[in-house]
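Let's walk through this model together, one neighbourhood at a time.

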Amino acid sequence: MLTFSFLTLFPELLAPFAGEAILGKARERGLLHVNLVHLRDFSDNRHLKVDDTPYGGGAGMVIRVDVAERALASLPPADEVILLTPAGQPFTQAVAEELAQKAHLAFLCGRYEGFDARTEGLVTRELSIGDFVMMGGEAAAACVLEAVARLRPGVIGDPESHRTDSFSSGLLDYPEYTRPPEWRGQSVPEVLRGGNHGAVARWRREQALARTLARRPDLLPGAALTPQDTQTLLELGASAPQLQAWNAPPPPPRRARRVKKNGGSEQSG
């Protein structure tokens, strides 16, 4: 079981998200545990106040470090204590895969102007889900919860799906199709309806490479490219300097032609 502990001023925001669909079913089956901790339970005053005005002046309120400390101390030891902040490490699929190997993850979800800076000394990692600012950390925590939880064994029925996800292979995912085969003049590619599994696999890899080259070429340096991938990228218009920057291997050697005795030619292996 992987335990997620969320320390927040608004546990009611996370409760329904963690209780529905695949996450809810995984919790029912004992694969995941979600612990919602209300920061106000660790206030030291009868008004349950957890924040105060910032030293030096300025707008907004700051959540006190002693409140965060008491809330964390109420938990069993966590493998990671994560602060969700715009200043954090970008949250990526690789980070999700790393966190999915843990047993207990604790998240500090800020509000207002965030936590007292001294809270950073209580955490093991700071994460950001993007270069933008939200009103609190709960929505970001929900993103991390779903991305990490789905990687745990048994949460999603087919483990093969993880290996073909966007980013897991270093590439964007290939396009998917289902019924109807024809829709408003657009047809499902014939290769997907032909029953040739080898041809389907080659088509999907080519499509993943094409999409990544067109939309997210920044991902290609981290992809595990094969010689055939290099050949495909060349055919898609990638340049030699780009391939070198992406650490792409040389394309497969071209087969040499040999002259037949009757004057024709044939491919040699």
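Start at L48, in the loop between β2 and β3 (51-52); helices (H or I, at least four residues) and strands (E, at least two) are DSSP runs, numbered from the N terminus. This is a predicted model, in which local features need pLDDT of at least 70 and side-chain atom pairs count only at pLDDT 80 or more, while totals for chains, interfaces and linings use all residues. Residues are numbered from 1 along each chain as its sequence is written, and side-chain values use heavy atoms, leaving out hydrogens and water.

L48 is not a glycine, yet it has a positive phi of about 60 degrees. Its relative accessible area of 42% makes it partly exposed (buried means under 20%, exposed over 50%, partly exposed in between, with a 1.4 Å probe and protein chains only). For background, most residues other than glycine have a negative phi, and most peptide bonds are trans. Y112, in the loop between β6 and β7, also has a positive phi of about 60 degrees without being a glycine, and at 40% relative accessibility it counts as partly exposed. Now look at the peptide bond from R179 to P180: it is cis, with omega near 5 degrees. P180 sits in the loop between α6 (160-164) and β8 (182-183).

Next, find the open sheet of five strands, ordered β2-β1-β6-β5-β7 with parallel pairing; two strands pair if DSSP finds at least two bridges between them. β2 (32-38) and β7 (125-128) are at the edges with a single partner strand each, so one side of each has no neighbour in the sheet. Strand β1 (residues 2-8) is joined to β2 by seven bridges, and T8 has H38 as its bridge partner in β2.

Back in the loop between β6 and β7, we also find R111. Is R111 buried or exposed? With 16% relative accessibility, R111 counts as buried. Its side chain makes a polar contact of 2.9 Å with the side chain of E138 (a pair of N or O atoms within 3.5 Å; within protein, one must be able to donate a hydrogen and the other to accept it, and residues adjacent in sequence count only if both atoms are side-chain atoms). Leaving aside residues up to four places away in sequence, R111 touches L9, F10, L13, I63, M135, G136 and E138, where contact means heavy atoms within 4.5 Å.
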